[in-house]
Amino acid sequence: MIWLAEKVQGISSTVVRNLSSKEIPDSAFLYLAKGLNFVESKKASKPELEYDTQEFLRKLEWRAFFHENPKDDSFTGDDHKDLRIPSRKHPEGFNNPAFDEIKTRLRGFVANFIPENPRANLTSLETRGKNWILKEIEKETLFITKADKGGATLILDYDVVLECVRNALAKPENFALESVTEAQKMSEVQRTIRQEVLSLYDAQLVTEKDKKLITGLNENNNVMHAHCFKPVVPYVYPLFKIHKLSKEQIEAKTTPPIRLVHATREGPLYRLEKWVSPYLTKVSRWFCEDEFILDSPALISCIKDINSSGQLKGNKIHLFTLDVVNLYPSIDPDLAIRSLKDALDGSVLHESKCQAVQAFTELIFRNSFVCFQDKVYKGTKGIPTGNCVSRQIADITLHALLYSTAKPQMENLWQYISTWKRFIDDVFGIWIGTERQFHLFVKTLNQLTKPFGIEFGDWQFGAKVNYLDMNIY
């Protein structure tokens with residue numbers, strides 16, 4: 001089938017890259033081309049529908065209760081709604097005729113409803129491909145993952161992936177192997193968090209509610225039995241930088257370099273990170289001021305403002321981008337802590353909150369760890385990648401380094417920057433000097449930031465640049 005061969009060739013050269021030593025059937029390429037977020041339609045389940053309805057009504061009942069009793073909602077306007085402690089309870093003594101009518105009608109509708117099975121969203125060929133992939137994954141011969149950048153799906157040998165992770169963790173300049181078990185480390189970190197929270201609670205820097213949300217300790221300092229206070233083991237996983245390979249290297253199935261990401265969600269530090277995160281977000285946005293870019297729509301809005309202002313008329317302009325090399329592993333934790341202290345001084349937060357945020361951030365840095373194949377590793381370089389406070393800390397540290405250290409020493413070159421916007425480690429700017437002056441700017445900037453571990457590597461300069469997956473010209 002010529003059409004199938006042509007389609008698979010297009011997929012294998014762009015969307016799905018096979019870097020493994022195994023021959024991949026066409027059906028598997030077709031299935032993987034749907035993306036790793038693809039969800040297969042499944043048969044409708046009446047018991048699941050009834051359960052979901054009951055849960056929906058319970059949550060709706062609480063909404064109605066808090067609407068009538070707003071003072072009882074301790075999370076109104078709160079920064080920590082995502083730290084709510086899950087419950088299966090209903091509001092006691094609540095009676096609302098309108099809600100009761102909705103509940104009766106919805107339950108009746110669901111009880112008499114006969115769900116139809118949805119149409120299949122996989123062809124028989126794609127289904128064969130899915131089954132083949134699942135068998136290979138079960139046999140631990142293949143590893144399917146998303147590329148670090150670009151969105152392509154990568155197929156690699158399972159053993160090669162394990163070796164890449166082992167090699168990365170074995171580098172003493174990046175990680176240290178600890179002589180404790182996973183269980184021992186989990187208990188140690190949880191104990192440390194409770195001690196620190198109780199200490200700050202006694203000093204009246206955190207409230208009873210804060211103590212409960214972070215640690216699960218009640219008024220008598222006994223741990224609640226809610227599932228959210230039973231953390232899971234944090235682990236590490238690789239992202240492969242296929243964008244660093246040449247076309248020839250990809251065709252030769254060269255294994256791309258990797259960066260390791262810390263999967264700390266629901267880990268022992270997770271609730272503490274979630275408590276700190278909204279405060280760090282407020283501080284970082286205040287501290288970074290006009291340099292800060294939240295996302296692509298924010299950048300588009302900024303560009304529209306520049307165009308409408310007419311501030312560039314009469315100037316010969318050049319667009320440029322800069323990128324920090326390996327940002328999170330390059331940030332010195334001590335520099336990050338000093339930068340955070342500078343940002344907190346005179347910030348939008350109350351003094352007691354500033355002290356708590358500073359103490360908790362230091363605790364997070366000291367106690368972050370990951371596990372791989374039943375072994376415990378502690379990072380010896382940089383700050384954790386992938387936790388809830390990484391971006392804010394990176395924003396604060398880079399801003400302090402750029403504007404407190406670099407800019408004052410290179411005002412003669414900085415004057416040629418008409419616009420400077422930064423999304424974490426990616427900079428977009430408008431340059432009104434010459435190209436030679438720009439090269440001198442980058443060279444001087446690196447001379448000033450390298451002693452602190454930060455280096456600006458990949459850059460673009462000209463009438464057109466690509467930034468945040470957008471072409472800007």
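Contact means heavy atoms within 4.5 Å. The exercises below use that term throughout.

This is a predicted model, in which local features need pLDDT of at least 70 and side-chain atom pairs count only at pLDDT 80 or more, while totals for chains, interfaces and linings use all residues. Residues are numbered from 1 along each chain as its sequence is written, and side-chain values use heavy atoms, with hydrogens and water left out.

**Exercise 1. Phenylalanine 365**

Task: find which element holds phenylalanine 365, decide whether the residue is buried or exposed, and list what it touches.

Solution. 
- Step 1: Phenylalanine 365 sits in helix α14. Helices (H or I, at least four residues) and strands (E, at least two) are DSSP runs, numbered from the N terminus.
- Step 2: apply the cut-offs. Buried means under 20% relative accessible area, exposed over 50%, and partly exposed in between (1.4 Å probe, protein chains only). Phenylalanine 365 has 15% relative accessibility, so it counts as buried.
- Step 3: list the partners. Leave out residues up to four places away in sequence; phenylalanine 365 then touches Pro333, Ala336, Ile337, Lys378, Ile383, Pro384 and Ile393.
- Step 4: check a distance. Phenylalanine 38 is 327 residues away along the chain, and the two C-alpha atoms are separated by 36 Å.

**Exercise 2. Helices α13, α14 and α10**

Task: describe how α13 is set against α14 and against α10.

Solution. 
- Step 1: Two packed helices are described by the angle between their axes and the distance between the axes. Axes are lines fitted to C-alpha atoms, for helices over the stretch in contact, and angles run from 0 to 180 degrees between N-to-C directions.
- Step 2: take the first pair. Helix α13 covers residues 333-344 and helix α14 covers residues 351-367; their axes come within 10 Å and cross at roughly 170°.
- Step 3: name the arrangement. Angles under 35 degrees count as roughly parallel, over 145 as roughly antiparallel, 65 to 115 as roughly perpendicular and the rest as oblique. Helices α13 and α14 are therefore roughly antiparallel to each other.
- Step 4: find the residues. From α13 come Pro333, Ala336, Ile337, Leu340, Lys341 and Leu344; from α14 come Cys354, Val357, Gln358, Thr361, Glu362 and Phe365.
- Step 5: take the second pair. Helix α10 (residues 270-288) and α13 have axes that come within 10 Å and cross at roughly 80°. That makes α10 roughly perpendicular to α13.
- Step 6: find the residues again. Leu280, Val283, Trp286 and Phe287 of α10 meet Leu340, Asp342, Ala343 and Leu344 of α13.

**Exercise 3. Lysine 381**

Task: where does lysine 381 lie, and which residues does it touch?

Solution. 
- Step 1: lysine 381 is in the loop between β9 (375-379) and α15 (390-406).
- Step 2: a relative accessible area of 45% makes lysine 381 partly exposed.
- Step 3: lysine 381 touches Glu173, Asn174 and Pro329, not counting residues up to four places away in sequence.
- Step 4: aspartate 332 is 49 residues apart from lysine 381 along the chain, and their C-alpha atoms are separated by 7.2 Å.

**Exercise 4. Positive phi**

Task: what is the phi of glutamate 140 and of glutamine 204?

Solution. 
- Step 1: glutamate 140 is not a glycine, yet has a positive phi of about 60°. Glutamate 140 lies in the loop between α5 (124-138) and β2 (142-146). At 44% relative accessible area, it is partly exposed.
- Step 2: glutamine 204 has a positive phi near 60°. Glutamine 204 is in the loop between α7 (182-202) and α8 (208-215). Its relative accessibility is 68%, so glutamine 204 counts as exposed.
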